Every structure is written in C-alpha cells, then in structure tokens.
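Subject: Structure for your files

Dear colleague,

Here is the structure I said I would send. My notes on it follow below.

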Amino acid sequence: MNETNCHAFFALSSLIVVYAFASPRKPGTLALTDDSQDSPGEASWLPLIRGVNVILQQMWPWVESGPLRGLLQPGVINTMDIKLPRPATHQLKELAGLCDSAAGGEEAVAAYQDAVRALQKCYAKIFTRASVECEVGTAFTWPVEVPDKYIQLLNARAPEALVILAHYCVVLHHLDDYWWMKGWAAHVMGNIYNELNASWREWIQWPSDTIARNEKCLVWRPLSPDMVPSHTPVSMTSL
C-alpha cells in the first residue's frame, strides 16, 4: 500500500464489510467470529471490521486527507463526562459490576472491563454524534477497541462476553435503516438469547426489549422517570 492506492484499499475493505452484512444470514449461529461453529463460507463481521482498522492504521496520514476522509472518526474526545440517557447509564453500571465478579481469572476480568469501557465510549459517541459524522464509522468503533482476549472469550461463548455483545446490539440497531444492516441487531440478539441459559437471560432484557420496541435509545431526547429499567439482573453469586 502507498499514497496512490491507499484510498482504493480502504474503499475495497469497507465494501467487503458491507457485503458481509448484506449477505444472507445463517439461522442458529452468531455469525460474528471466525470459528468452527459458523459456516466456513460465511463472512464473520467482527474480524472484518477489525481488519479494516488494521489496514487503515497503516495509511492513516494519507486517508485522513483524502477523498474518503468523511468515513473516518474525529480525533480523541473525552467521553467519560458525557451524560448518557439514564437507561443506558444504568445498564453500563450493571455490566461493570458483572465484569468485576466474572469467572475466568484476572485476564478475563480485565478483558470484560475493557470491553465495557469501549462500549461506554461507543454509546457516548453515538449519543453526541454530529449530523455530519458517519454514523456507521461511529458504531463500528467498539469492535475495533475491544481487546483480543475479549474476542477469544466471545469465540468460547462465555456468557459475560455474550451479555456485553447484546448491549452492543443496541448500537447496531441504530444502523437498522441502512438496507445492508436491516435486521442484524435483532438477528444477533436472538442468537445470543439462544446461546444463554435461563439464569443469564435476564441480563439481556434491556437490550432485547429496546430492539423489540424498535427504539433508538441513544438519540437525544428528554427522558421520563419510567424509562429507567425496573429489573435487577441476578447476582453472580446466584449463578
């Protein structure tokens, strides 16, 4: 790759991601990681998105000043001080508590914590996104920022990893108006539900209900008190 062909490389890699989402979805699989449980011929979208970022990092100085710069995200912003809608804030706090007591050892706990922090950043970026910013690029920041260990835990279908992914489906649902993303959030959510046993399914009640109501919950609007989730996820000690 060089300054001359980098724009074509970036365009092609981005179109491959679009093609993957536009391809027929196979029922009964998460269709998100490159493992033996998915069909060998089926595109795996998390590795594809992460792969685009690997390519982009190698040619960033050229692309950020080129014809496709509108697809890129702005520089680093402080998302920690952004006040999210109360339902989202509540759920992120619950996820943080889940991660702190998760199974799998210190490395797994750290991976879950990093994934939730990346999710908080992604929520904040969607919530504060300017109309001129690329919504797809904003939504796809989370797959790029989660650590490799989290992807391994997701491959293993660890319940904590699946619960975090379910909450990312709320972000994917914001892309539902794009023809090639239509139904993807509901598809992944439904398969996460099938992967989890009954004791874990309460943890995904809020994202599941949000998608079922076709609610874009990270679009700014006044919130009423009754929008705060009423359920309390089961404690880790009871699982």
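Some terms come before the helix packing. Axes are lines fitted to C-alpha atoms, for helices over the stretch in contact, and angles run from 0 to 180 degrees between N-to-C directions. Helices (H or I, at least four residues) and strands (E, at least two) are DSSP runs, numbered from the N terminus.

This is a predicted model, in which local features need pLDDT of at least 70 and side-chain atom pairs count only at pLDDT 80 or more, while totals for chains, interfaces and linings use all residues. Residues are numbered from 1 along each chain as its sequence is written, and side-chain values use heavy atoms, with hydrogens and water left out.

Overall

The protein has 11 helices and 0 strands. Of its 239 residues, 46% count as buried (under 20% relative accessible area; exposed is over 50% and partly exposed is in between, with a 1.4 Å probe and protein chains only). Of the contacts (heavy atoms within 4.5 Å) with a separation of 6 or more, 73% are between residues 24 or more positions apart.

Packing around α7

Two packed helices are described by the angle between their axes and the distance between the axes. Helix α7 (residues 148-155) has two such pairings to report.

With helix α8 (residues 159-173), the axes of α7 cross at roughly 105 degrees and come within 8 Å. The two helices are therefore roughly perpendicular to each other (65 to 115 degrees; angles under 35 count as roughly parallel, over 145 as roughly antiparallel, and the rest as oblique). On the α7 side, Tyr150, Leu153 and Leu154 meet Ala161, Leu162, Ile164 and Leu165 of α8. By class, this contact has 7 nonpolar, no polar and no charged residues. For the classes, Ala, Val, Leu, Ile, Met, Phe, Trp, Tyr, Cys and Pro count as nonpolar, Asp, Glu, Lys and Arg as charged, and the others, Gly among them, as polar.

With helix α4 (residues 106-127), α7 packs at an angle of about 105 degrees, and the axes are 8 Å apart. α4 and α7 are therefore also roughly perpendicular to each other. Here α4 contributes Glu107, Ala108, Ala111, Tyr112 and Ala115, and α7 contributes Lys149, Tyr150 and Leu153. The contact of α4 with α7 has 6 nonpolar, no polar and 2 charged residues.

The loop between α7 and α8 holds arginine 157. Its phi is near 60 degrees, a positive value in a residue other than glycine. Arginine 157 is buried, with a relative accessible area of 11%.

The second largest pocket

A pocket is found on a 1 Å grid over the protein atoms alone: it is an open set of points where a 1.4 Å probe fits, with protein on both sides within 12 Å along at least five of seven lines, and lining residues have an atom within 4 Å of a point. Grid points are joined across faces, edges and corners, and a volume is the space filled by probe spheres set on the points.

The second largest pocket has a volume of about 220 Å³. It is lined by 13 residues, of which Leu92, Lys93, Ala96, Val116 and Gln120 are the closest to its centre. The elements that give two or more residues to this lining are α3 (86-100) and α4, and α3 gives the most, with 6 residues. By class, the lining has 7 nonpolar, 3 polar and 3 charged residues.

Leucine 92 is in helix α3 and counts as buried at 10% relative accessibility. Its C-alpha atom is separated by 7.2 Å from that of valine 116, 24 residues away along the chain. Leaving aside neighbours within four places in sequence, leucine 92 is in contact with Leu84, Val116, Leu119, Gln120 and Tyr123.

Other residues

Cysteine 122 belongs to helix α4 and counts as buried, at 0% relative accessibility. Beyond four places in sequence, cysteine 122 is in contact with Thr138, Ala139, Thr141, Trp142, Tyr168 and Val171. Cysteine 122 and tryptophan 142 are 20 residues apart in sequence and 5.9 Å apart in space, C-alpha to C-alpha.

Aspartate 176 lies in the loop between α8 and α9 (184-195). At 10% relative accessibility, aspartate 176 counts as buried. Not counting residues up to four places away, aspartate 176 touches Met181, Lys182, Gly183 and Trp184.

Asparagine 214 is in the segment after α11 (205-212). Its phi is near 55 degrees, again a positive value in a residue other than glycine.

Regards
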